[in-house]
Amino acid sequence: MNRGTRTKTNGPSTKALAACVAALMATGSAGALEWQTTPTVSLMSTNDSNYRLRTVNEREVSSSRLDANASITGSSDRMTLDFRPRVRSINFSDDREFDRNDQFLYTSLAVGGERQRVTMSADFVRDGTLTNALEDTGFTEVDAERDRTIYGLDWAAATSEYGTFAVGLNTHRVDYIDELVSSPLVDYDYASIALSYAHRLSERSTLTVSLTGGELDTMSTFGVTENYGFALAFERALSDSMTLRIAGGQYETRRPDSLFEDERDSSLDFSLEKRWDRWSLTTSLSADVEPSAFGVLWRRETASVRLAHQFSERFDANMRISGGHIESEDQMQFFQDRT
């Protein structure tokens, strides 16, 4: 593994974005695709009694938001091309908060049939940490603007009537646009690979074995952190209206040099869904390792319950209650475990 430091570069440029879109549009079958576009525009007004979650000097903030997006899909028998551009504009009532204009573009190209399929994706995001990443960082002192670039390549192939093998490659790069002074947030690259084999035990049951690996590289002096994992998942339709999924495994996190000890822990993924004519109830538990804006890998444990009701074809409602805990072995000055 390369343990050199990252070189600071600018976020995704307009030229790079245009080149990516042009490459997807230049595919030979693009003209034969059947296109469908679904635009959506939302207007929202919000009020928050303590916008920055401070224990002293709480500040009430109101905001108005305009969110416009479109889902553009072109499809044929062996190809699906997706574009999802989105723009969100936020205007705050308090001059001490910075008004924001966030941009998002999600693209994907899937080629293949039932036996074999390749999917390529490229996502570009410019947003802010306070609006979009508070759950991830828990850090409210700085509203940092950032560029995120995410590339993915997935290949899935049926090895037999009962088995499917899949490979997934992903890279996630985060660059903060302004130089952050006295801030714990750092630029980082996270690259990961996942290998899995799913075997259908019966019409109702599937067993999946997976191997994962990842490498986190930051602009900081901490160096490269690596993690490897193994998991076994079982999914079964208990009845026509109930589905169970349970997965467990082990992972190891290797810290750079000798600053930190290697860490071993378990991963968990559990969900149970029950459906009625108009109601559905879903419960879930999970525990896994993931990269963070602080340039360290941390462990996130979450639990949630979701209740949904379909009143009619055009009207539905749902309620979700969730909680989580985040902890890391890298107890630095700026980092604290939180719930």
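## Ground rules

Because the model is predicted, local features need pLDDT of at least 70 and side-chain atom pairs count only at pLDDT 80 or more, while totals for chains, interfaces and linings use all residues. Residues are numbered from 1 along each chain as its sequence is written, and side-chain values use heavy atoms, leaving out hydrogens and water.

Let's start with β7, which covers residues 163-176. Strands here are DSSP runs of E with at least two residues, numbered from the N terminus. On one side, β7 runs antiparallel to β6 (residues 145-158), and 13 bridges join them; two strands count as paired if DSSP finds at least two bridges between them. D147 has D175 of β7 as its bridge partner. The pair makes a hairpin, with four residues between β6 and β7.

β7 also pairs with β8, again in the antiparallel sense, over 12 bridges. Here A166 has S196 in β8 as its bridge partner.

L169 itself is partly exposed at 37% relative accessible area (buried is under 20%, exposed over 50%, partly exposed in between). β8 (188-200), β9 (205-218) and β10 (224-239) each supply at least two of the patch residues.

## Pocket and cavities

The largest pocket has a volume of about 650 Å³. On a 1 Å grid over the protein atoms alone, a pocket is an open set of points with protein on both sides within 12 Å along at least five of seven lines; a cavity is a set where a 1.4 Å probe fits but cannot get out, and lining residues have an atom within 4 Å of a point. Volume is the space filled by probe spheres set on the points, with points joined across faces, edges and corners. This pocket is lined by 34 residues, with S210, T212, A231, S267 and D288 nearest its centre.

There are three cavities of 30 Å³ or more. The largest cavity has a volume of about 60 Å³, and its 10 lining residues include E263, W298, R299, E327 and S328, the closest to its centre. β14 gives the most to that lining, with three residues.

Terms used:
Buried < 20%, exposed > 50% of the residue type's maximum accessible area, 1.4 Å probe, protein only.
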